[in-house]
Amino acid sequence: MNYIEFTDYIRTAVDEAVVGDHRVEIKKVVKNNNCERMAVVISREGKCVAPTIYLEEFYDKYRMGISLDIIINEIIEIDINNSDKLDIDVAQIMNFESMREHIRCRIVNYESNSTVLNDVPYRTEMDLAIEYYININDNEFEAMTTLIHNRCMEHWGINEDELFEIAWNNTVRDGTLIIPIEQLVLNEDLDINSRMYVVTNQRKLYGAIHGFLPDTLEKLEEMFGDFYILPSSVHEVIVLAADVVENEEYIVNMVKDVNETQLTCEEILSNNVYKYEKSGKSLHMVNKIKFATQ
């Protein structure tokens with residue numbers, strides 16, 4: 001079966017396997033960077049929200065020889081295990097005071113998200129866009145977020161400036177992790193004078209923005225003076241002391257290569273590298289490279 005035939009089979013087989021009043025749909029979901037993914041959604045009577053189960057991973061398993069019965073059972077098990085966790089009161093989401101403490105901001109690539117950004121509040125910084133989302137689930141092991149659209153902001157009766165201030169303060173309050181790269185590689189705490197660090201947030205979810213926070217830049221300036229920020233993904237950035245970089249073109253090409261070979265489309269933040277210079281306390285792109293999604 002090709003991928004389209006596989007998704008059709010999944011829809012029919014899951015529909016036959018699930019009991020009770022339900023509806024099974026295959027939906028095309030547009031993710032970060034305008035990346036499209038196919039998902040099966042099992043809606044049930046009385047439930048406002050249903051798990052979105054992406055199918056690419058299961059198609060890979062099918063092509064590796066895993067039986068369709070095993071795949072169907074795994075999909076149904078995921079749905080059962082997550083349905084109760086998604087018992088969300090939509091009216092509560094539309095209540096601004098209930099959601100105020102859950103609002104966060106994250107950075108994405110401006111150019112590759114231009115279509116989605118037409119419908120959401122945002123502001124730009126270099127080649128990036130700061131957008132806003134609700135962190136619905138505070139469980140550190142499971143991520144559940146939803147992007148804030150213009151209609152939601154308008155329903156709340158606030159403007160983008162007010163939304164930015166709330167999201168920014170909540171994001172800063174989440175806390176920033178600055179971790180030596182050697183510590184991550186060796187998976188143990190190290191007391192070393194590293195020249196390369198990973199910067200993210202406590203949950204390691206949409207933590208790349210923490211590499212650009214004023215307090216983070218100030219701390220990194222104290223550590224390195226001048227430094228480079230390499231956009232590892234939307235979840236983290238790598239900070240490299242300028243004194244160990246002999247060739248800027250090399251690190252720019254390295255970022256582009258990692259984006260093309262190591263990350264999924266929706267994880268990519270940018271193909272550009274950013275340099276912080278202590279003398280002018282300024283942050284700028286090393287060179288502008290257009291973003292291209294496959």
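Where is Ser-43 found? Select Ser-43 in the viewer: Ser-43 is found in strand 2. The model on screen is predicted.

**Stop 1: Ser-43 and its surroundings**

With a relative accessibility of 17%, Ser-43 counts as buried, because the cut-off for that class is under 20%. Leaving out residues up to four places away in sequence, Ser-43 touches Asp-21, His-22, Arg-23, Glu-25 and Ala-50.

**Stop 2: the whole chain**

Zoom out and colour by secondary structure. The protein has 11 helices and 13 strands. Of its 294 residues, 44% are buried. Among contacts with a separation of 6 or more, 56% are between residues 24 or more positions apart.

**Stop 3: the disulfide**

The structure holds 1 disulfide. Select Cys-35 and Cys-265, which the disulfide joins with an S to S distance of 1.7 Å. The angle about the S-S bond is -70 degrees, and the link of Cys-35 and Cys-265 is left-handed. This pair links distant parts of the chain, 230 residues apart: Cys-35 is in the loop between strand 1 (22-30) and strand 2 (36-44), and Cys-265 is in the loop between helix 11 (248-261) and strand 12 (274-277).

Cys-35 counts as buried at 7% relative accessibility, whereas Cys-265 is partly exposed, with a relative accessible area of 26%. Two further cysteines can be selected here: Cys-105 is buried, with a relative accessible area of 1%, and Cys-152 counts as buried at 10%.

**Stop 4: Arg-37 and Glu-266**

Which residue forms a salt bridge with Arg-37? Select Glu-266: the closest N and O atoms of Arg-37 and Glu-266 are 3.4 Å apart. Arg-37 lies in strand 2 and Glu-266 in the loop between helix 11 and strand 12, so the pair ties together parts that are 229 residues apart in sequence. Arg-37 is partly exposed, with a relative accessible area of 22%.

The count of salt bridges comes to 18. Side chains of opposite charge can pair when their charged atoms come close. Two further pairs follow.

**Stop 5: Arg-106 and Glu-131**

Move to Arg-106 and Glu-131, whose side chains meet in a salt bridge with an N to O distance of 2.9 Å. The pair links distant parts of the chain, with Arg-106 in strand 4 (residues 103-109) and Glu-131 in strand 6 (residues 128-135), 25 residues apart.

**Stop 6: Lys-281 and Glu-221**

Next select Lys-281 and Glu-221; their side chains meet in a salt bridge at 2.9 Å, N to O. The pair links distant parts of the chain: Lys-281 is in the loop between strand 12 and strand 13 (282-285), and Glu-221 is in helix 10 (residues 214-224), 60 residues apart. Lys-281 is exposed, with a relative accessible area of 57%, whereas Glu-221 is buried, with a relative accessible area of 11%.

**Stop 7: Ile-166**

Select Ile-166, which is found in helix 8 (residues 160-173). Ile-166 counts as buried at 12% relative accessibility. Leaving aside neighbours within four places in sequence, Ile-166 is in contact with Phe-96, Arg-100 and Ile-103. For a distance check, pick the C-alpha atoms of Ile-166 and Tyr-132: these residues are 34 apart along the chain, and the atoms are separated by 9.9 Å.

**Stop 8: a nonpolar patch**

Finish on the surface. Which residues form a nonpolar patch there? Select Met-64, Ile-66 and Ile-70, which together have about 320 Å² of accessible area. Ile-66 is found in the loop between helix 2 (56-63) and helix 3 (68-83). Ile-66 is partly exposed, with a relative accessible area of 34%.

Terms used:
Residues numbered from 1 in each chain as written. Predicted model: local features only at pLDDT ≥ 70, side-chain atom pairs only at ≥ 80, totals over all residues. Heavy atoms only, no water. Helix = DSSP H or I, 4+ residues; strand = E, 2+ residues; numbered from the N terminus. Buried < 20%, exposed > 50% of the residue type's maximum accessible area, 1.4 Å probe, protein only. Contact = heavy atoms within 4.5 Å. Disulfide = S-S within 2.5 Å. Patch = residues over 30% accessible without salt bridge, like charges linked within 9 Å, V, L, I, M, F, W, Y side chains within 5 Å. Areas by Shrake-Rupley, 256 points an atom, 1.4 Å probe, with all protein chains shown as cover. Salt bridge = Lys/Arg side-chain N within 4 Å of Asp/Glu carboxyl O.
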